[in-house]
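Hi there,

Here is the structure I promised to pass on to you. Have a look at it first, and then read on for what turned up in it.

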Amino acid sequence: MWRRRNSLSHFTQLATSSSSKFNCHNNLQPTSLRLLQIPDVDQGYGLLTRSSSTAVGPSSNSGKLGISGLDRVRAFGSTADIVGATTLGAREVVDMARHYGRCYWELSKAKLSMLVVATSGAGYVLGSSSTVDLAGLCYTCVGTMMVAASANTLNQVFEVKNDALMNRTMRRPLPSGRLTIPHAVTWASSVGLAGTALLASKANLLAAGLGASNLILYAFVYTPLKQIHPVNTWVGAVVGAIPPLLGWAAASGQVSLNGWLLPAALYFWQIPHFMALAYLCRDDYAAGGFKMFSLADPSGRRTALVALRNCIYLIPLGYLAYDWGITSGWFCLESTLLALAISGTAVSFLKNRTKASARRMFHASLLYLPVFMSGLMFHRIYDDDHQSLETENTKDHMVISHTTTAYEQDSRNPDRVKQNHSRPPVAYASVAPFPFLPAPIYSSS
């Protein structure tokens with residue numbers, strides 16, 4: 001009995017000494033890790049826990065580590081350690097969500113996608129009647145945003161090697177290694193399919209078809225053409241012109257002549273916008289291997305001429321909007337002044353082909369588009385106003401034509417005029433409002 005007590009005391013001293021040495025060398029490790037390194041104390045001796053006064057025998061399987069009560073708290077650490085571990089886990093989750101959110105934001109080119117959504121929303125408002133369906137507008141904008149995010153992500157997947165060579169794009173998620181290409185493809189596929197399905201279910205199949213075709217045109221036609229031929233700029237202009245047409249189709253269910261006005265403005269606007277951007281970033285585009293129009297024009301004269309020509313094409317759009325009955329005459333004046341202003345920056349770029357003049361034209365293009373769309377929606381004449389105005393004009397025309405026809409008939413038949421004047425007024429009242437009364441009998445004189 002004495003030997004057994006001495007053995008247990010000796011073992012306790014050894015365990016305490018080992019534990020103190022272990023804690024000195026590993027005082028920075030979490031308590032849960034220290035628990036895993038506690039040696040097995042079941043060596044044929046009984047173990048008496050603090051919460052229980054009974055000894056656990058060597059044949060008991062539950063006596064390998066008798067942890068209960070106060071020993072359990074000591075083994076797993078204090079409450080502060082548990083709260084600290086939970087806080088650390090929550091912080092890791094927040095950091096991970098922030099990391100992926102930032103990567104998805106950059107993959108989607110969120111600012112560019114929001115511009116696309118703005119043009120689609122403007123097309124929806126223009127295609128609606130005097131009352132705009134807000135739910136339909138929100139569904140259309142969300143679906144357009146998802147399709148645009150998918151297209152921009154696929155664009156970066158295909159151009160990851162080119163982006164790694166350009167200073168402007170080498171810090172994107174794929175070239176920098178923050179995301180893998182399969183991850184980006186999965187993200188693009190999921191949001192693209194979801195956006196197209198949302199447009200098909202909440203808008204109509206025409207809007208969904210326009211969204212899907214625009215995604216294919218941007219990712220699989222425009223993106224490869226950037227490394228093949230300078231015509232990619234004009235193909236990209238077509239891509240940028242489709243979203244307002246998508247919004248119009250989502251609101252009205254059709255594509256009419258009036259629905260082409262805003263897409264035409266987007267198409268002509270994008271040429272000077274991208275010509276200025278390509279001139280400013282020509283060194284980066286050359287390093288990335290892109291075939292831009294400005295790279296084949298060392299003097300920049302042809303680039304400036306193309307930009308000026310498309311700025312001039314913007315001038316008659318205000319008159320067309322007024323002539324087609326889309327807006328009032330005030331928009332015609334405002335749109336013309338805007339087009340002349342951006343054309344003035346293009347003329348300045350043509351005369352002085354420097355980065356400063358190109359940047360001035362680029363900033364003018366950024367200002368032109370929101371002002372143009374705002375004026376178009378503010379001066380919009382809705383279909384209800386058109387119908388009431390056309391109805392009034394039709395009634396006036398019918399009254400005038402009926403009066404003229406009656407006067408011509410009376411002038412050709414003087415006897416009929418006399419006969420009409422000889423009839424008493426009660427004759428008309430007896431026949432029309434009171435058909436149950438007998439018709440009056442007139443004398444032959």
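Glu 106 is partly exposed, at a relative accessible area of 27%; partly exposed is the class between buried, under 20% relative accessible area, and exposed, over 50%, using a 1.4 Å probe and protein chains only. This is a predicted model, so local features were taken only at pLDDT of at least 70 and side-chain atom pairs only at pLDDT 80 or more, while totals for chains, interfaces and linings use all residues. Residues are numbered from 1 along each chain as its sequence is written, and side-chain values use heavy atoms, with hydrogens and water left out.

Salt bridges

Glu 106 pairs with Arg 178 in a salt bridge, where the closest N and O atoms are 2.7 Å apart. The term stands for a side-chain nitrogen of Lys or Arg within 4 Å of a carboxyl oxygen of Asp or Glu. Because Glu 106 sits in helix α4 and Arg 178 in the loop between α7 (160-163) and α8 (181-202), the pair ties together parts that are 72 residues apart in sequence. The helix names follow DSSP: helices are H or I runs of at least four residues, strands are E runs of at least two, and both are numbered from the N terminus. Arg 178 is partly exposed as well, with a relative accessible area of 27%.

How many salt bridges does the structure hold? There are three. Another of them joins Glu 159 to Lys 226, with 3.3 Å between the closest N and O atoms. This pair also links distant parts of the chain: Glu 159 is in the loop between α6 (134-158) and α7, Lys 226 is in the loop between α9 and α10 (232-252), and 67 residues separate them. Are these two buried or exposed? Glu 159 is buried, at a relative accessible area of 1%, and Lys 226 is buried too, at 10%.

Arg 172 and Asp 163 also meet through their side chains in a salt bridge, at 3.3 Å from N to O. Both Arg 172 and Asp 163 are buried. As a general point, side chains of opposite charge can pair when their charged atoms come close.

Phe 158, Ile 216, Phe 220 and Val 221 make a nonpolar surface patch of about 360 Å². Patches are built from residues with over 30% relative accessible area and no salt bridge; nonpolar side chains (Val, Leu, Ile, Met, Phe, Trp, Tyr) are joined within 5 Å, and like charges within 9 Å. The areas come from the Shrake-Rupley method with a 1.4 Å probe, and for residues only the protein chains shown count as cover. Helix α9 (residues 205-225) gives the patch its largest share, three residues. Ile 216 has its place in this helix and counts as partly exposed, at 47% relative accessibility.

Ala 208 is found in helix α9 too, but it counts as buried, at 5% relative accessibility.

Helix α11 and its partners

Helix α11 (residues 261-280) packs with helix α16 (residues 355-378) at an angle of about 160 degrees, their axes being 8 Å apart. That makes α11 roughly antiparallel to α16. Axes here are lines fitted to C-alpha atoms, for helices over the stretch in contact, and angles between N-to-C directions run from 0 to 180 degrees. Angles over 145 degrees count as roughly antiparallel, under 35 as roughly parallel, 65 to 115 as roughly perpendicular and the rest as oblique.

The axes of α11 and helix α13 (residues 301-313) come within 8 Å and cross at roughly 155 degrees, and α11 and α13 are therefore roughly antiparallel to each other.

Phe 274 is in helix α11 and counts as partly exposed, at 30% relative accessibility. Phe 274 and Trp 234 are 40 residues apart in sequence, with 9.7 Å from C-alpha to C-alpha.

Two loop residues

Lys 109, in the loop between α4 (79-107) and α5 (110-127), has a positive phi of about 50 degrees although it is not a glycine. Lys 109 counts as buried, at 18% relative accessibility.

Gly 259 lies in the loop between α10 and α11 and is buried, with a relative accessible area of 4%. Between the C-alpha atoms of Gly 259 and Leu 246 there are 9.5 Å, and the two are 13 residues apart along the chain.

Best wishes
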